[in-house]
Each structure stands twice: as structure tokens, then as C-alpha cells.
Amino acid sequence: MKTILVATDFSPAALNAANYAADMAVAINANILLLYVYHMPDVYSEIPLTGDDEDIFGNVEINMIELKRDLTIRTKCKAFIGTQIRMGAFFEELEIVCEQMKPYTVVMGSQGKSAAERMVFGGHTVYATKNLMWPLITVPTGAAFSSIKKIGFACDLDEVEDSTPVDEIKRLVTDFNAKLLVLNTGKKDVFHPDLVSESETLQKILEPVKATCHFITNDNADKGIIDFVKKNDIDLLVVLPKRHGLLALFHKSHSRQLVLHSHVPVMALHI
């Protein structure tokens with residue numbers, strides 16, 4: 001049974017991502033696990049809980065119960081919803097849970113509108129996108145799941161046989177019965193013959209999924225991708241953070257924009 005892991009901090013951005021995950025779970029007949037990580041100092045095991053700590057834990061439990069109730073109503077009881085509250089560093093605990101349950105995908109809110117949401121949960125999202133080895137979908141504020149009919153795959157078309165997560169992409173396209181559009185960006189109007197050859201190889205290794213390749217010329221790769229996504233009604237954008245430079249330099253505002261400001265959910269896959 002597929003399980004979607006939803007990491008939350010109960011902020012508006014995270015709650016929107018939970019709603020997205022719930023609707024997706026119903027669409028693909030998956031379970032949901034809600035995860036909240038409570039951060040404590042590194043020496044927390046030697047420090048007894050204070051009344052304030054107990055109050056925080058109590059509030060987290062209340063919020064988790066309320067979120068589970070709301071999602072149960074939203075899914076009309078069609079998805080089993082579990083919960084976990086863990087203590088420790090966010091990413092380390094997220095990795096542990098992923099290794100234990102092997103999720104279909106992790107879902108997180110990409111970024112909230114408030115400064116606090118951008119600083120705290122937004123930072124977790126950026127780090128997880130670059131480092132989590134499990135599929136991760138970041139959901140922009142306001143994005144809602146209706147269906148996934150078109151999936152965009154940002155690909156540099158370089159050594160595709162070794163650099164493409166074929167099984168994950170095939171599964172994704174098949175589960176949603178979606179169309180796959182491969183997006184290759186470049187700065188030149190004339191493409192190297194190798195691009196054509198690599199695109200043909202990619203189409204072959206993805207069979208029986210039928211992929212169409214689209215070559216985008218734009219000096220700003222991220223802007224070219226975002227413009228294409230908007231014009232072609234892409235529902236989900238798949239990127240490979242460690243494979244090429246799209247997400248490698250997160251200190252650059254345009255790379256952050258691709259994940260944190262995209263108007264459609266972005267899925268990060270790692271080779």
C-alpha cells in the first residue's frame with residue numbers, strides 16, 4: 001500500500017500541503033502519515049521537561065488530532081491517516097521515518113507568506129529538496145490538487161541512461177495516467193546533435209510511457225521552465241537537484257524561485 005508522508009508544522013503553508021496530499025492519496029488509493037518534529041537542544045535527554053515544554057507537546061498533540069480529523073473528513077474516510085510526533089533535528093528525524101516506511105512521496109509546503117514561515121519551515125523545505133533521497137513534492141501556497149494530467153520533467157539530456165530515475169518517472173506517469181513532457185533548456189537557438197540523440201534514448205528507456213521533448217531557449221533556465229509550465233498547463237514539475245545546476249546554487253534567487261515560488265508543485269527526485 002502506498003503511503004504519503006506529510007511533514008507539517010501546522011502553518012497555513014503546511015496545512016495547504018496536507019490538503020493537497022490528502023486529495024492525492026484518494027486519487028491513487030494511498031495512506032497518509034502526518035509527521036511533526038519537535039526540536040529540542042542537543043542535550044535534551046539530560047534536561048527534564050518543564051511546564052512550558054509539556055504545554056508545547058500538549059498543543060502539538062491537539063493540533064495533530066485536529067489535522068487528522070480534518071483530513072479524515074476531507075478524504076471521506078477513504079485514506080488511512082496515521083500520525084507521528086518525534087523529538088530531534090527535523091531532517092534527521094525525517095530521514096529516519098522515510099527509511100522505516102519507504103514513502104511513495106514526502107509532501108511539504110514550499111513556503112508561506114509570512115516571514116516566520118519562510119525562515120523556519122521554508123528553510124527545512126529547501127534543505128530537504130537538496131538532500132532527501134526520497135521523492136519530495138513541495139506544494140506552493142494556494143495550490144490545490146485536482147488531477148495530474150501533465151507532468152513536466154526538467155532534464156539536461158546528458159547521459160540520460162545513467163542520470164534518469166526511470167522507474168520513479170514511469171510509476172508517477174502510470175499512477176496518474178498523465179502525459180510526460182521533457183523540458184530541456186539551453187541558451188542557443190541551434191541545438192547540438194547529441195541532444196536529439198539523447199532525447200531519442202530517453203524516449204526509448206521510458207517506454208511504454210510516451211514522452212515528448214521540448215527544447216527551450218532562455219538565458220535564465222529557471223524562468224524558461226516556469227514560463228513553459230504556465231503556458232502548457234503543467235500540473236507537476238519534476239526536477240533532479242543533484243544531477244544538474246537547476247537547484248545546485250540555492251543562494252541564487254532564481255534557483256530558490258523554481259522550488260519556493262513555482263505556482264505548481266515541484267517534485268525533487270535524486271539519482
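Author: The mean pLDDT of the protein is 84, and 79% of its residues reach 70 or more; pLDDT is the predictor's confidence in each residue, from 0 to 100. This is a predicted model, in which local features need pLDDT of at least 70, side-chain atom pairs count only at pLDDT 80 or more, and totals for chains, interfaces and linings use all residues. Residues are numbered from 1 along each chain as its sequence is written, and side-chain values use heavy atoms, with hydrogens and water left out.

Reader: Where in the protein is confidence lowest, and where is it highest?

Author: Helices (H or I, at least four residues) and strands (E, at least two) are DSSP runs, numbered from the N terminus. Confidence is lowest in helix H4 (residues 115-119), with a mean of 42, and highest in strand E1 (residues 3-7), at 98. The pLDDT is below 50 over residues 112-121, a stretch with 19 contacts beyond near neighbours in sequence in the model; contact means heavy atoms within 4.5 Å.

Reader: How should I read backbone angles?

Author: Most residues other than glycine have a negative phi, and most peptide bonds are trans. Here, Lys76 has a positive phi near 55° and is found in the loop between helix H2 (51-74) and strand E3 (81-87). Leu157 also has a positive phi, of about 50°.

Reader: Is Leu157 buried or exposed?

Author: Buried means under 20% relative accessible area, exposed over 50%, partly exposed in between (1.4 Å probe, protein chains only). Leu157 is buried, at 4%, whereas Lys76 is exposed, at 66%.

Reader: Which residues does a cis peptide bond join?

Author: The cis bond joins Glu207 and Pro208, with omega about 10°.
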